[in-house]
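Work through the exercises below with the sequence and the 3D structure at hand. Try each task before reading its solution.

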Amino acid sequence: NEEEAEFTECTDDLNRLCGQVEAGAGDAVIALSDIADDGMFVEVKAGYGKDMVVGLMKLNGMTVGVVANRSQIFNEEGEVAETMDTTLTPAGCKKATDFVQFCDAFSIPLVSFTNVTGFKACACAEKSLAREMAKLTCAFANATVPKVNVVIGKAFGSAYVTMNSKAIGADMVYA
């Protein structure tokens, strides 16, 4: 983790048209696969906390970690297979916290894609939501790697702050 970052030669045209990015507001996996070098995005823990996408990809030859909200999951035919709220859940926050800490430990820069309106409001989620949200906020705030946030949809209130906002230390925020 203390070695210099490894770069590989990128053969993709950096000014290419990414036609699937618009669908990424619902299912971030589609947009991430579209913008990644050679279309290679590796999702981690895909079956856990499905409202949050975490994974690794290369951008212009450099490995980056990605954290993104998801409100839809598309199947192989391009149809919506599952729909979720654009809210943060305890499981999604825990999944993202572990991944942000992993990337920080191994000096992997972070890019977050934000489309969030609030927090999951149910009796089950309220038991651990505040704790998991605070852990995610701290993970982003304490990470020393470069952090970029891209707002791809809605970004409301303290849920937006939790998702790597400028207020907790994002180096750059784009919308």
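**Exercise 1.** In what order do the six strands of the open sheet stand, and which strands are at its edges?

*Solution.* Keep in mind that this is a predicted model. Step one: reading across the open sheet gives the order 1-2-3-7-9-10, with mixed pairing. Step two: strand 1 (41-44) and strand 10 (172-174) each have a single partner strand, so they stand at the edges and one side of each lacks a neighbour in the sheet. Step three: from one strand to the next, the twist averages 20°.

**Exercise 2.** Find the strands that pair with strand 7 and name some of the residues that stand opposite each other.

*Solution.* Step one: strand 3 (residues 62-69) runs parallel to strand 7 and is joined to it by four bridges. Within this pair, Val67 has Ser112 as its bridge partner, and Ala68 stands opposite Phe113. Step two: strand 9 (residues 147-155) also pairs with strand 7 in the parallel sense, over six bridges. Here Ala155 of strand 9 stands opposite Val116.

**Exercise 3.** Are the two faces of strand 7 buried or exposed?

*Solution.* Step one: in a regular strand, side chains alternate between the two faces of the sheet. Step two: sort the residues of strand 7 (residues 110-116) by side. Leu110, Ser112, Thr114 and Val116 are on one side, while Val111, Phe113 and Asn115 are on the other. Step three: apply the cut-off for buried, which is under 20% relative accessible area. Seven of the seven residues in strand 7 are buried, and both faces are therefore covered.

**Exercise 4.** Describe how helix 1 and helix 2 lie against the sheet.

*Solution.* Step one: helix 1 (residues 28-35) lies across strand 1, strand 2 (52-59), strand 3 and strand 7, at about 5° to strand 2. Step two: helix 2 (residues 90-105) packs on the sheet and touches strand 1, strand 2, strand 3 and strand 7. The direction of helix 2 makes about 30° with that of strand 2.

**Exercise 5.** Which residues of the largest nonpolar core touch the most other members?

*Solution.* Step one: this core has 20 residues, and Met52, Val67, Val100 and Leu136 touch the most other members. Step two: strand 2, helix 2, strand 7 and helix 4 (129-142) each supply at least two residues of the core. Helix 2 gives the most, with five residues. Step three: another core, of 12 residues, lies apart from the largest one and includes Val29, Val64, Ala68 and Val111. Step four: look at Val100, whose contacts beyond four places in sequence are Val67, Leu110, Leu136, Ala139, Phe140 and Ala143.

Technical notes:
Residues are numbered from 1 along each chain as its sequence is written. This is a predicted model: local features need pLDDT of at least 70, side-chain atom pairs count only at pLDDT 80 or more; totals for chains, interfaces and linings use all residues. Side-chain values use heavy atoms; hydrogens and water are left out. Buried means under 20% relative accessible area, exposed over 50%, partly exposed in between (1.4 Å probe, protein chains only). Two strands pair if DSSP finds at least two bridges between them. Axes are lines fitted to C-alpha atoms, for helices over the stretch in contact, and angles run from 0 to 180 degrees between N-to-C directions. Contact means heavy atoms within 4.5 Å. A nonpolar core is a set of buried Ala, Val, Leu, Ile, Met, Phe, Trp, Tyr and Cys residues joined through side-chain atoms within 4.5 Å.
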